[in-house]
Amino acid sequence: MPTSTHTESNGRWSSLSRPDLDKLDQRTADQPTASQRTSADHRTAVFAAEWNEWHAAHERHRADPHGFLAVTHLHWLGAEPAGLDGVPGTWSVADDAVTVVLEPGESLLRDGRELNPDGGSVTVAFGPVAERDGISLTAGAAVVELAKRGGEYIVRPRHPENPLLSEYRGTPAYAPDPRFAVHGTFAAFDEPRPTTVGAAVEGIRHVYEAPGEIRFRLDGRDLTLTAFNGHAPGTLSVLFTDQTSGRTTYAANRSLTVGAPDAEGRVTLDFNRAVNLPCAYTDLATCPLPPAENRLPVAIEAGEQIPHERQASTPPNAAPTPAPRTARQGFLALELDGDGAHPAAWRRARHTPDELLDGARIRATVLAAESAGFHVATFADGPVTGGPATGGTGTSALLPGGRDVAGRLNALQRAAFAGPVTSSIVLVPEVDTVYTEPFHVSTQLASLDYVSGGRAGWLVAASKTEEDAAAVGRDVVSAEGLAREAADSIEVSRRLWDSWEDDAVIRDVATGRYLDVDKLHYADFAGETYSVKGPSIIPRPLQGQLPVLVPAGLLAPGDLASGAADVLLVSAPTPELLAAEVSDARGGARFQSDAPTTAGAPAVVAELDVVLDARGQTAASRLAELDAHTPWQSRRARFVGTAAELTELLAALLETADGVRLHPAVLDVELEELAQLVLPALRRRGLLAPVRPDGSFRELLGLRRPASRYAAVQPAAESDVRPAAESAVPSGAEI
């Protein structure tokens with residue numbers, strides 16, 4: 001019999017057994033004492049007070065009468081003398097020296113000294129000015145900044161009466177949270193690494209010396225940030241984005257100053273003090289963008305948030321807040337196959353060939369695409385053929401004769417792997433319709449829709465190779481039969497997705513019934529080469545029907561007219577012909593059919609290969625180097641040029657196309673240029689649809705969720721019912 005003891009509670013006696021008392025003692029030992037709680041509360045209060053003091057000081061600095069909120073113009077100087085709005089004189093630059101000609105009555109002061117003391121006409125020379133440095137001049141109540149950014153000279157007048165400054169309401173921020181003040185370790189590089197990053201203004205680059213990287217752990221993940229030198233000696237500065245960027249925090253960049261590492265390299269990253277750079281408030285700033293590796297795959301809900309100026313009405317110099325998608329806003333897709341679309345891309349990748357098929361590589365590329373703001377990621381599919389370098393399959397290698405091959409894992413598996421680690425980007429694998437069973441295809445795609453939270457699609461392929469046919473013991477399907485096989489596979493999949501009504505899963509614990517069998521239906525498909533009975537073995541996808549992407553020319557016009565495809569991928573030999581092909585497809589020429597139909601025309605997406613100027617090389621020279629190994633043969637239009645030129649081409653294509661799918665020559669290189677220079681420019685123009693976390697692919701395409709064709713009561717062919725997912729079976733930077 002257990003011994004008993006007594007304890008007093010609220011003036012009354014109660015009896016507790018010894019085991020009960022031991023448990024109570026253990027619970028009490030596990031809980032903080034009153035003094036411990038008081039100490040913890042005190043530390044939290046001190047932490048918050050110090051943050052509030054820091055934030056107030058930062059706001060006072062930001063509201064300086066001649067700070068960046070006072071900038072009214074951004075002038076780029078050239079060799080031709082020109083007058084500048086808001087600035088006295090006529091300005092020009094030559095041989096790394098700036099000249100200003102002041103006419104009678106024009107005044108300009110430097111360090112309080114009048115540069116036109118006689119009040120007549122005078123020529124004044126400045127320079128050279130170091131990169132990221134500047135000279136301050138005074139013109140009346142304004143300060144005139146002369147600076148060099150990205151190798152170019154700029155002049156920016158700063159007027160205290162600028163509405164952006166006078167109407168400034170402060171910057172919202174997350175409440176300080178000690179959880180986001182994390183310890184890290186600084187690991188110095190053997191030699192400081194010159195690192196080139198893009199800028200908030202098109203066409204310029206910033207080059208910083210990176211002394212090393214900071215390694216830390218947050219939310220159970222090991223993370224790394226490339227660090228630049230800070231303003232104060234010994235300090236560090238990091239530019240980064242994370243999963244809050246573009247949602248609650250500014251999309252392009254965030255900045256954090258890190259104190260000097262101690263003797264053992266230890267540092268503290270207090271993300272509560274992550275600040276906005278000037279480009280978060282005004283388009284007249286040339287702020288640097290983070291290096292590609294500093295896009296963090298976690299949500300850091302700390303630090304400053306999107307300024308009011310970017311959220312509400314648009315004051316002077318502030319970019320408009322992205323509006324809901326309109327007919328003129330399109331989307332961008334990025335192909336993530338292998339190391340890039342060029343067969344020799346692996347030679348310029350930032351990893352060894354063996355790392356290509358590693359899960360970390362898949363995670364890194366899809367998160368980089370998501371952080372860059374792409375709406376859709378596609379995954380090509382096909383066999384991997386190893387050469388002498390590998391002795392088998394599995395990595396990029398050389399075939400006999402020196403030919404390159406692309407390394408691939410199954411596209412569906414890659415997309416499914418990416419589903420749980422992403423939150424906004426749509427995942428679209430390429431899946432063959434000829435030599436794969438449609439029953440298996442439909443169930444795997446439905447599973448993908450569940451693991452991605454409704455962000456899945458299907459890129460239809462129709463293989464015509466002897467190797468694919470031999471792999472499954474079939475004869476090669478003729479060219480005439482490819483369209484029929486593809487159309488039949490799509491039809492079977494659509495029927496199987498509908499074979500479960502949305503409320504077929506009941507999970508009635510009292511009766512032990514999991515399914516309402518009356519709400520499962522047979523597909524009953526009989527085609528020329530196979531028949532499928534059904535129903536599916538997985539509940540209806542979250543989207544009801546996954547959007548189906550089909551290359552133009554694959555399906556017969558009648559199948560397109562009947563709604564087999566939701567998206568049509570359009571190709572052409574050149575960018576000029578591509579625009580014409582998109583216009584032709586948009587005009588409906590490809591959807592003509594004698595059969596009447598109520599199906600809407602598919603969305604039109606242009607296909608484009610991309611090679612960009614990068615890493616100090618022109619796009620043409622980069623392409624020539626790659627082609628010297630293996631010539632790049634593609635039926636798609638190819639763009640070769642600068643990021644600014646690509647921006648103009650995409651803007652033109654998006655006037656008629658619903659979207660553009662980009663095929664980067666070298667994924668590691670082109671993605672960085674696209675993220676830093678192209679997508680921000682398109683967003684500033686309002687040409688891209690908003691990126692919506694947890695939004696479905698159908699929502700991106702403007703499609704409602706259809707009702708099951710087999711439902712007993714069919715409301716107008718549409719339904720807003722979406723089953724719950726759990727019903728699935730299986731600062732230191734210049735401006």
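Student: Which residues do ring pairs link into a cluster?

Tutor: This is a predicted model. In it, ring pairs join Phe68, Tyr168 and Tyr281 into a cluster.

Student: Why is the pair of Phe68 and Tyr281 called tilted?

Tutor: The ring centres of Phe68 and Tyr281 are 5.6 Å apart, and a pair needs centres within 6.5 Å. The planes stand at 50 degrees. Stacked requires under 30 degrees and edge-to-face over 60, so the pair of Phe68 and Tyr281 is tilted.

Student: What makes this a link between distant parts of the chain?

Tutor: Phe68 and Tyr281 are 213 residues apart. Phe68 is in the loop between H2 and strand E3, and Tyr281 is in the loop between strand E18 and helix H4.

Student: Why does Phe68 count as buried?

Tutor: Its relative accessibility is 14%, and buried means under 20%, so Phe68 counts as buried. Tyr281, at 0%, is buried by the same rule.

Student: Why is the pair of Trp51 and Trp54 tilted?

Tutor: Their ring centres are 6.2 Å apart and their planes are at 50 degrees. Trp51 and Trp54 are three residues apart in helix H2, or about one helical turn.

Student: How do you know that the charged end of Arg638 is within the distance limit for the ring of Trp632?

Tutor: The charged end of Arg638 is 4.0 Å from the ring centre of Trp632, and the limit is 6 Å. Arg638 sits over that ring.

Methods:
Residues are numbered from 1 along each chain as its sequence is written. This is a predicted model: local features need pLDDT of at least 70, side-chain atom pairs count only at pLDDT 80 or more; totals for chains, interfaces and linings use all residues. Side-chain values use heavy atoms; hydrogens and water are left out. Rings of Phe, Tyr and Trp (its six-membered ring) pair if their centres lie within 6.5 Å; planes under 30 degrees apart count as stacked, over 60 as edge-to-face and the rest as tilted. Helices (H or I, at least four residues) and strands (E, at least two) are DSSP runs, numbered from the N terminus. Buried means under 20% relative accessible area, exposed over 50%, partly exposed in between (1.4 Å probe, protein chains only). A charge sits over a ring if NZ of Lys or CZ of Arg is within 6 Å of the ring centre and within 35 degrees of the ring normal.
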